[in-house]
Structure formats: C-alpha cells, structure tokens
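Let's take a quick look at this protein together.

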Amino acid sequence: MARTNFDMLLQAGCHFGHLKRKWNPAMAPYIYTERNGIHIIDLHKTVVKIDEAAEALKNIARQGKKILFVGTKKQTKELIAEKATGVNMPYVIERWPGGMLTNFPTIRKAVKKMANIDKLMSDGTFGNLSKRELLQVTRQRAKLEKNLGSIADLTRLPSALFVIDVLKESIAVKEANRLGIPVFGIVDTNSDPKGIDFVIPANDDAKDSVEVILNACCAAIAEGLEERKAEKADEKAAEAQAEAEEGEEKPRRQRRARRDEEAAAPAAEAPAAAEEAPAAE
C-alpha cells in the first residue's frame with residue numbers, strides 16, 4: 001500500500017516547481033508539463049519515489065542506524081526538528097558546519113567541549129570566575145548548543161542523510177557522496193538530482209509539501225524502530241528460555257552422572273574382591 005497518494009500530494013502543493021528559466025535539465029524525467037512559465041512535477045512519479053525512499057529508510061532504522069536530517073530553510077526548520085526528534089534522529093537546521101562529515105572527529109571534539117562546560121557549571125567550578133569570563137563561557141556554550149546541540153548524541157557518522165533542498169545543502173551532499181553515505185533528497189526542478197541516491201521530486205519550498213513527505217518517511221522510520229524493538233524482545237525471550245532450559249537440564253545431568261557413578265561402583269568392586277580371594281587362602 002502506498003504511503004501517500006496523488007490527491008494528498010496535490011493538496012499539499014508538491015507539484016509546483018520553479019520558473020521554467022530556472023530549471024535544471026536533469027530533472028526533465030520528473031516534469032509533467034509547464035503552465036504559466038512554471039514547471040509542474042509529475043506527482044505519480046513522486047508517489048513511487050516516496051515509497052522507495054520510505055522502504056529504504058525503514059530498513060536503515062531497523063538495523064539501528066542513524067539518519068541525519070538536514071534542512072536550513074527558515075520555513076521548514078521547526079518542522080524538521082519536530083519530525084526528526086519524534087523518531088529520535090539527529091538533525092541540522094542551522095548553518096551546515098563545513099567538514100561535519102569529512103572532518104567528523106573535530107566536530108565531536110566541539111560537542112565534547114559543550115559537555116565539559118555543562119559538567120563544570122554543574123559542579124560549581126565556574127563559581128570562581130569573574131562575571132566577564134562567565135559571560136564569555138555562557139555565550140560559547142549557547143553558540144555550540146545552537147549549531148551542534150541537535151547532533152550531541154551522534155557518536156559516529158550517520159548511515160544516511162535526508163536532505164530538504166539539495167541545492168541549498170550542496171556541501172552536505174558533496175561530503176556524503178565523498179564518504180559513500182546514501183543521500184535521500186527532496187529535489188525541486190531547479191536542482192541537480194546527480195549524487196542523490198533516492199530522489200523525491202517535489203516542491204522543496206512550501207512547508208505543507210515538505211511536511212507530507214516527512215510524515216510518510218518518518219512513519220516508515222518509526223515502523224523500522226518498532227520492528228527492531230520487537231526483534232530485540234524476541235531475542236531476549238529466546239535467550240531467557242534457553243537459560244531456563246539449561247537450568248532445568250543441569251540437575252538432570254547431575255542426577256544421571258550420580259546414577260552412572262553408583263552403577264559403576266559395584267562393577268569396580270567385584271574384580272577387586274575376586275583378586276583378594278586367592279590371597280586370603
């Protein structure tokens with residue numbers, strides 16, 4: 001069953017592309033027609049592409065891997081943060097820090113620095129600082145939180161990127177391509193789909209358009225997480241059952257061993273008695 005349909009996407013305005021003069025020819029396969037100088041995206045293809053992307057995202061989440069959501073447009077910032085937080089995934093909605101993927105250890109150092117500041121604040125170490133020094137540290141902490149707070153739990157490179165507007169986030173896409181990280185992207189008619197592993201042709205400017213796509217993809221991720229949780233529960237149940245059976249089997253083996261020892265004892269005593277009889281004569 002499709003996760004979206006033509007009418008849903010049409011109502012959200014996913015079909016509106018950019019002006020014809022701003023188009024990227026590589027997007028021609030996904031364009032249905034042109035009206036009033038604006039390209040119209042073929043929503044039948046968008047439905048298929050959303051389903052493909054959602055299934056791939058579900059498989060990634062089921063494996064316990066992280067998907068990094070990237071979108072720094074003002075109109076979609078809060079939406080991306082809400083949806084990514086709902087499925088416990090990291091996101092970047094402020095300026096993309098250059099080298100975040102290709103120079104990931106340095107980014108991790110900055111995140112650890114933020115954690116160290118929190119630790120020093122909580123144990124009272126900063127109580128001896130002057131007001132000016134404390135203000136500087138507080139401002140530094142706020143800046144780190146704004147840019148890196150949403151990826152504080154990202155301890156290793158993400159397994160995939162979900163990008164809203166691949167043209168605006170071209171640096172993130174290039175870094176992911178360089179490292180071989182698959183990229184899922186909402187691609188408008190003015191963008192180049194090259195380098196995007198899972199292209200979702202749609203309007204990337206309208207909040208409603210982005211929301212309907214994120215809803216479908218995040219629902220798939222949530223399903224993957226639930227399946228992973230269920231698989232873990234089944235594994236734990238199987239381990240517990242195996243341990244219980246092992247616990248029941250151990251006393252049985254001990255009882256069998258004792259019976260075997262008791263049965264072997266008379267058989268061992270009989271030859272000894274036979275050897276002692278001639279000596280007694």
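Keep in mind that this is a predicted model. Its largest pocket holds about 190 Å³ of space, and 13 residues line that pocket.

**The largest pocket**
- Closest to the centre of the pocket you'll find Asn-88, Met-89, Pro-90, Ser-150 and Asp-153.
- Sort the lining residues by type and you get 7 nonpolar, 4 polar and 2 charged.

**Helix 4 against helix 5**
- Two packed helices are described by the angle between their axes and the distance between the axes.
- Here, helix 4 (residues 104-122) packs on helix 5 (residues 131-148) at about 135°, and the axes sit 10 Å apart.
- Because of that angle, helix 4 counts as oblique to helix 5.
- On the helix 4 side, the contact includes Ile-107, Ala-110, Met-114 and Ile-117.
- Helix 5 brings in residues including Val-137, Arg-141, Leu-144 and Leu-148.
- By type, the residues of this helix 4 and helix 5 contact split into 9 nonpolar, 2 polar and 4 charged.

Note on methods. Residues numbered from 1 in each chain as written. Predicted model: local features only at pLDDT ≥ 70, side-chain atom pairs only at ≥ 80, totals over all residues. Heavy atoms only, no water. 1 Å grid on protein atoms, 1.4 Å probe; cavity = no way out; pocket = protein on both sides within 12 Å on 5 of 7 lines; lining within 4 Å. Points joined across faces, edges and corners; volume = space filled by probe spheres on them. Nonpolar A, V, L, I, M, F, W, Y, C, P; charged D, E, K, R; others polar. Axes fitted to C-alpha atoms, helices over the stretch in contact; angles between N-to-C directions. Helix = DSSP H or I, 4+ residues; strand = E, 2+ residues; numbered from the N terminus. Parallel < 35°, antiparallel > 145°, perpendicular 65-115°, else oblique. Contact = heavy atoms within 4.5 Å.
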